[in-house]
Amino acid sequence: MVLQKLTFHTLNRAYLLASLVLSILIPLVPLQPADWTKQQREPTEVLAKSVTAHRSSTSVSGKNDPLNFVALTQWVYGSVVVVLLGRLLRKLILLGLQIRRSRVERWRGLHLISTEHATASFFHWVFLNDKALNPKERQMVRAHEYSHFRRGHSIDVMVVEIFRCIWWFHPVSYWLQKSLTQLHEYEVDAEVVQQYSTKAYAQLILKLAVPQSVGITTPFARQSIKNRIHFLFTPSSISMKKLLFGVLIPLMAGAVILFAPPRTFPPATMVQTSQGSIHRVTYVDYEAFLSDMRRNPSLSRQKFATLFPNDWREAYQKNRRSKDQGVTGVSWDQAMQYCTWKTNVSKNHYLPITYRLPTEQEFQDLFARGEAGKPTGFYCLAICP
């Protein structure tokens, strides 16, 4: 609310667009929880019991519930997205057909098209209704639309339209579209009055305040007339107030920390021993190892080829979605290199964890207790000091 009262319209526009981008990116930025090492030390018997209980409850509720509400919600969401995207595409097609049927006049990079609707623009196409305007007013209208084109406002409109189609359920998307469109007008108005009389331009806005426009175009005078004229006669905000935008930087950083999902590590079967935690290495784990080694510039192509287990491609395609299937066909040397890589990754994250292969006695004790299930794949021992 405070920023809306300032005349820094370009900064306000940048703030809204940055908010839009961050609202999309924040949920995708994983953060590593501070107590990750603590989580590695927790007894896994409790974890195993909770997972088993969750699976049991899920299977029971699934039998009693004939309707899968998750699938239904996804279907409804996807259907609405398709409808909204289709409606947006229809608007673009109709706009294109109207452009093809119209006579175009070129002016300073703009394509001017005569229309009976309200004056509006879409990229470099301008739908111009200037029959009731005098030559001076025509110049102001063209300068207004040229400023929209030069500042790339139609790009903002398309981005927000697509955002609304995908996040249609979010009320902020509708407020964002309204606020950004208003800022476009404030930004252009401030530029035009530097060339023409403020009073004459305000009278032009009132004269062209008609409700209809073409499709998804940016109309000349459909936005809040009262606010636009208010900003025309409002003195520019003092430069010191730009510091208010600096306050937004730590607030955005805090939003990333508060709302970003914690970084999760690929799950694997894990059993606590006196030496440390013994993990079953899954296909997900080993694929992460291969992906990281693929980016290693010091590793030759021939050396990298030796890291692939037997029948890797077929087995990975079959088990890549499994969260607990142990990787098979791994040689002793490949398993050793995996443990070395895992240790180096921990050191890079300042975690004092060392990984090695279990000894024969540790391996026998692991399966003698029956806690690790069937011995599939290979295992890695994580030692925390």
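Predicted model: local features only at pLDDT ≥ 70, side-chain atom pairs only at ≥ 80, totals over all residues.

Modeller: Glu-191 is buried, with a relative accessible area of 14%; buried stands for under 20%, exposed for over 50%, and partly exposed for what lies in between, with a 1.4 Å probe and protein chains only. Residues are numbered from 1 along each chain as its sequence is written, and side-chain values use heavy atoms, leaving out hydrogens and water.

The partner of Glu-191 is Arg-151: the two form a salt bridge, with their closest N and O atoms 2.8 Å apart. This pair links distant parts of the chain, as Arg-151 sits in helix 5 and Glu-191 in helix 7, 40 residues apart. A salt bridge here is a side-chain nitrogen of Lys or Arg within 4 Å of a carboxyl oxygen of Asp or Glu. Helices are DSSP runs of H or I with at least four residues, strands are runs of E with at least two, and both are numbered from the N terminus. Arg-151 is partly exposed at 24% relative accessibility, whereas Glu-191 counts as buried.

Both residues belong to a network of salt bridges that links Arg-13, Arg-150, Arg-151, Asp-156, Glu-187 and Glu-191. Glu-187, another member of this network, is found in helix 7, which spans residues 171–192. With 3% relative accessibility, Glu-187 is buried. The side chain of Glu-187 also makes a polar contact of 2.9 Å with that of His-153. For a polar contact, two N or O atoms lie within 3.5 Å; within protein, one must be able to donate a hydrogen and the other to accept it, and residues adjacent in sequence count only if both atoms are side-chain atoms.

The structure holds 12 salt bridges, so let me show you two further ones, as the exposure of their partners can be read off directly. Lys-207 and Glu-137 meet through their side chains at 3.1 Å, N to O. They too connect distant parts of the chain: Lys-207 is in helix 8 (residues 198–207) and Glu-137 in helix 5 (residues 135–151), 70 residues apart. Lys-207 is partly exposed at 43% relative accessible area, while Glu-137 is buried at 13%. Asp-130 pairs with Arg-138 in a salt bridge whose closest N and O atoms are 3.4 Å apart. There, Asp-130 is buried at 16% relative accessibility, and Arg-138 is partly exposed at 29%.

Asp-285 is buried yet has no salt bridge, and the nearest side chain of opposite charge, that of Lys-342, is 5.3 Å away. In this count, Lys and Arg are positive, Asp and Glu are negative, and His and the chain ends are left out. What does the side chain of Asp-285 reach instead, at 3.0 Å? The answer is the backbone nitrogen of Thr-282.

Now for the cysteines. A search of the whole structure finds 0 disulfides, a disulfide being a pair of cysteine sulfur atoms within 2.5 Å. Cys-165 is buried, with a relative accessible area of 5%. Cys-339 is in no disulfide, and the nearest cysteine sulfur, that of Cys-380, is 3.2 Å away. Cys-339 is buried as well, at 2% relative accessibility.

Val-76 lies in helix 4, residues 69–101, and is partly exposed at 38%.

Arg-108 has a phi near 50°, a positive value in a residue other than glycine; Arg-108 sits in the loop between strand 1 (104–107) and strand 2 (110–114) and is exposed at 53% relative accessibility. The phi of Asp-311 is near 55°, again positive in a residue other than glycine. Asp-311 is placed in the loop between helix 12 (301–305) and helix 13 (312–319), and is exposed at 59%.
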